[in-house]
Amino acid sequence: MHKEEHEVSVLGAPHNTIFPRSTMINIQSETSVPDHIVWSLFNTIFLNWCCLGLIAFAYSVKSRDRKMVGDVTGAQAYASTAKCLNISALIVGILMTIGFILLLVFGSVAIYHIMLQIIQEKQRY
């Protein structure tokens with residue numbers, strides 16, 4: 001008797017099995033789900049004009065929590081929402097920042113011209 005057959009018989013397996021035994025090993029691949037938490041934190045701190053960065057940060061944290069629990073599908077769903085919110089926050093933040101800078105520049109030029117006219121009118125009297 002071979003050593004392997006002896007171990008099988010000691011474990012209590014049937015002695016007269018015709019079918020060969022097979023072992024199936026399920027190896028789960030480690031899928032990397034990006035949670036976009038750094039991007040969300042950046043949008044929360046710097047480009048949080050419409051609170052989209054804060055909402056994206058909340059979804060990023062939810063995605064990280066789902067990933068830690070092992071729910072890959074839930075993590076991907078929250079990460080996708082966080083990504084869309086981050087893109088929206090970035091676009092709105094950049095446009096509003098550019099608009100604010102333009103308003104500041106044109107407003108200060110307009111105020112300068114108004115003050116210049118007031119000074120010139122006072123010098124005429």
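Over residues 89–115 the chain is 100% helix and 0% strand, with the end C-alpha atoms 38 Å apart. Helices here are DSSP runs of H or I with at least four residues, strands are E runs of at least two, and both are numbered from the N terminus.

Before we dig in: this is a predicted model, where local features need pLDDT of at least 70, side-chain atom pairs count only at pLDDT 80 or more, and totals for chains, interfaces and linings use all residues. Residues are numbered from 1 along each chain as its sequence is written, and side-chain values use heavy atoms, leaving out hydrogens and water.

**Exercise 1. Work out which residues the "transmembrane region" annotation covers, and what the chain does over residues 37–59.**

Step 1: the unreviewed UniProt entry puts this annotation on residues 37–59 and 89–115. Its positions are given in the numbering used here, feature names are shortened, and annotations may be inferred rather than shown by experiment.

Step 2: over residues 37–59, the chain is 78% helix and 0% strand, and the end C-alpha atoms are 9 Å apart.

**Exercise 2. Find the buried residues of α2 and decide how they are arranged around the helix.**

Step 1: list them. I37, S40, N43 and T44 are the buried residues of α2; buried means under 20% relative accessible area, exposed over 50%, and partly exposed in between (1.4 Å probe, protein chains only).

Step 2: look down the axis. The buried residues fall within an arc of 125 degrees, so they line one face of α2. That arc is taken from the directions from the helix axis to the C-beta atoms.

Step 3: V38, I45 and F46 are the exposed residues on the face turned away from the buried side of α2.

Step 4: zoom in on T44, which is buried at 18% relative accessible area. Leaving aside neighbours within four places in sequence, T44 is in contact (heavy atoms within 4.5 Å) with G53, L54 and F57. The T44 side chain also reaches the backbone nitrogen of L54 at 3.5 Å.

**Exercise 3. Track down the two aromatic pairs and classify each one.**

Step 1: set the rule. Rings of Phe, Tyr and Trp (its six-membered ring) pair if their centres lie within 6.5 Å; planes under 30 degrees apart are stacked, over 60 edge-to-face, and the rest tilted.

Step 2: take F42 and F46. Their ring centres are 5.1 Å apart and the planes sit at 45 degrees, so this pair is tilted. The two are four residues apart in helix α2 (residues 37–46), about one helical turn. F42 is partly exposed at 39%, whereas F46 is exposed at 56%.

Step 3: now Y59 and Y78, another tilted pair, at 5.8 Å centre to centre and 45 degrees between the planes. Y59 lies in helix α3 (residues 52–69) and Y78 in helix α4 (residues 72–124), so the pair ties together parts 19 residues apart in sequence. Both are partly exposed: Y59 at 26% and Y78 at 27%.

**Exercise 4. Examine A75 and name what it touches.**

Step 1: A75 is in helix α4 and is buried, at 0% relative accessibility.

Step 2: list the contacts. Not counting residues up to four places away in sequence, A75 touches V33, S63, R66 and K67.

Step 3: check V33. The C-alpha atoms of A75 and V33 are 6.9 Å apart, although 42 residues separate them along the chain.

Terms used:
A polar contact is a pair of N or O atoms within 3.5 Å; within protein, one must be able to donate a hydrogen and the other to accept it, and residues adjacent in sequence count only if both atoms are side-chain atoms.
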